[in-house]
Amino acid sequence: MQVIAIDSLDDPRLHDYVGLTDVALRRRTEPERGLYIAESQTVLARALRAGHEPRSVLVAPRWLPEVEQLVADRDVPVFVGEEPVLERLTGFHLHRGALAAMQRPVLPDASALLASARRVVVLDGLVDHTNVGAAFRSVAGIGADAVLVTGTCADPLYRRSVRVSMGTVLQVPWTRIDALETAMPVFREAGFEVVAMALADDAVDLAEYALSPADRVALVFGSEGPGLSRRAIAAADRVVRIPMHHGVDSLNVAASAAVAMWALR
């Protein structure tokens, strides 16, 4: 571990942390440069336990002792700066102790991920990073074996997604698929019944479906506004809905994922 005091914001070694509030920039550069940002000691610890490698760590002096315990045996630079300096660098107040630039892991093949799973969640077209992180936290806590996200879904390793998930995106096995309809052969080969969670006329109530679910189930959740596309619903084996009351038509997607996973736990 190398502890380095920040004496210039122009240090090229700090480039991973510049302007983290620029969402468009981070969406473009994080996958290309092979990094994601772990925010807080808790998330950093979970990332390290998952076997992810840190490129560097950014920390305020008062949090340095805790961070040192996490990375003391690693050859990684730890940049230390006063909180106003770190805020100028990153664009936001670093109130959770530390940031770490982590090397992105290689995502597993979907077939390999499904081989030993029984309950998986598919997130199709979620555009809000907060909802992605919340969904991961919900289904991880209830016991999903894996999460698959389509190509139109927001990045689970975006800083806000990781933070909201409390690092569970680093614990639950996950990978990307192009689209539900094109990935159906992968689910079929693994013996999964694909269940679209949607407000369709022919949808079965969740409680009824939970009485005798398939042995292996993939629960599919759509985007925050329109929900699942017609093509995705048509591709699924079953359509299931969560009954609503008081004129409410649906739950937030993360809440829906939690309820459905609980019913099929």
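A residue counts as exposed when its relative accessible area is over 50% and as buried when that area is under 20%. With those cut-offs in hand, here are some close-up views of this predicted model.

**View 1. His246, an exposed residue with a positive phi.** His246 has a relative accessible area of 83%, so this residue is exposed. Its place is the loop that runs between β12 (238-241) and α11. If you are checking backbone torsions, look at phi here: His246 has a value near 55°, which is positive although the residue is not a glycine.

**View 2. Ser40, a buried residue with a positive phi.** Ser40 sits in the loop between β2 (35-39) and α2 (41-49). Phi of this serine is near 100°, again a positive value in a residue other than glycine. Is Ser40 buried or exposed? Its relative accessible area is 9%, so Ser40 is buried.

**View 3. Helices α2 and α3, side by side.** The axes of α2 and helix α3 (residues 64-71) are 10 Å apart, and the two helices pack at an angle of about 5°. Angles under 35 degrees count as roughly parallel, so α2 and α3 are roughly parallel to each other. From α2, the contact draws on Gln41, Leu44, Ala45 and Leu48, while α3 supplies Glu66, Val67, Leu70 and Val71. Sorted by class, the residues of this contact are six nonpolar, one polar and one charged.

View 4. How do we describe a pair of packed helices? α6 passes α11 in a right-handed crossing. On the α6 side you will find Asn131, Ala134, Ala135, Ser138, Val139 and Ile142, which meet Val253, Ala254, Ala257, Ala258, Met261 and Trp262 of α11. This contact of α6 with α11 is made of 10 nonpolar and two polar residues, with no charged ones.

**View 5. Phe136 and Trp174, an aromatic pair across the chain.** How many aromatic pairs does a search of the whole structure find? There are two. In one of them, the ring centres of Phe136 and Trp174 are 6.3 Å apart and the planes stand at 85°, so the pair is edge-to-face. Phe136 belongs to helix α6 and Trp174 to strand β8 (residues 174-177), so the pair, 38 residues apart, links distant parts of the chain. Phe136 has 1% relative accessibility and therefore counts as buried. Trp174, at 7% relative accessibility, counts as buried too.

**View 6. Phe187 and Phe192, an edge-to-face pair.** Phe187 and Phe192 form an aromatic pair with 6.4 Å from centre to centre and 75° between the planes, an edge-to-face arrangement. Phe187 counts as buried, with 1% relative accessibility. Phe192 counts as buried as well, at 4% relative accessibility.

View 7. Ala218 lies in strand β11. Its relative accessibility is 0%, so Ala218 counts as buried. Setting aside residues up to four places away in sequence, Ala218 touches Val120, Val122, Phe187, Phe192, Glu193, Val194 and Val195.

**View 8. Ser223, a buried loop residue.** The loop between β11 (217-221) and α10 (230-235) holds Ser223. This serine is buried, with a relative accessible area of 16%. Which residues does Ser223 contact, leaving aside its neighbours within four places in sequence? They are Asp124, Gly125, Leu126 and Leu228.

**View 9. Gly34, a glycine in contact with Arg104.** Gly34 lies in the loop between α1 (23-33) and β2. At 14% relative accessibility, Gly34 counts as buried. Gly34 and Arg104 are 70 residues apart in sequence, yet their C-alpha atoms are 5.1 Å apart in space. Not counting residues up to four places away in sequence, Gly34 touches Arg55, Met102, Gln103 and Arg104.

Methods:
Residues are numbered from 1 along each chain as its sequence is written. This is a predicted model: local features need pLDDT of at least 70, side-chain atom pairs count only at pLDDT 80 or more; totals for chains, interfaces and linings use all residues. Side-chain values use heavy atoms; hydrogens and water are left out. A crossing is left-handed if the near helix is turned anticlockwise from the far one by less than a right angle, and right-handed if clockwise. Helices (H or I, at least four residues) and strands (E, at least two) are DSSP runs, numbered from the N terminus. Contact means heavy atoms within 4.5 Å. Ala, Val, Leu, Ile, Met, Phe, Trp, Tyr, Cys and Pro count as nonpolar, Asp, Glu, Lys and Arg as charged, and the others, Gly among them, as polar. Rings of Phe, Tyr and Trp (its six-membered ring) pair if their centres lie within 6.5 Å; planes under 30 degrees apart count as stacked, over 60 as edge-to-face and the rest as tilted. Buried means under 20% relative accessible area, exposed over 50%, partly exposed in between (1.4 Å probe, protein chains only). Axes are lines fitted to C-alpha atoms, for helices over the stretch in contact, and angles run from 0 to 180 degrees between N-to-C directions. Angles under 35 degrees count as roughly parallel, over 145 as roughly antiparallel, 65 to 115 as roughly perpendicular and the rest as oblique.
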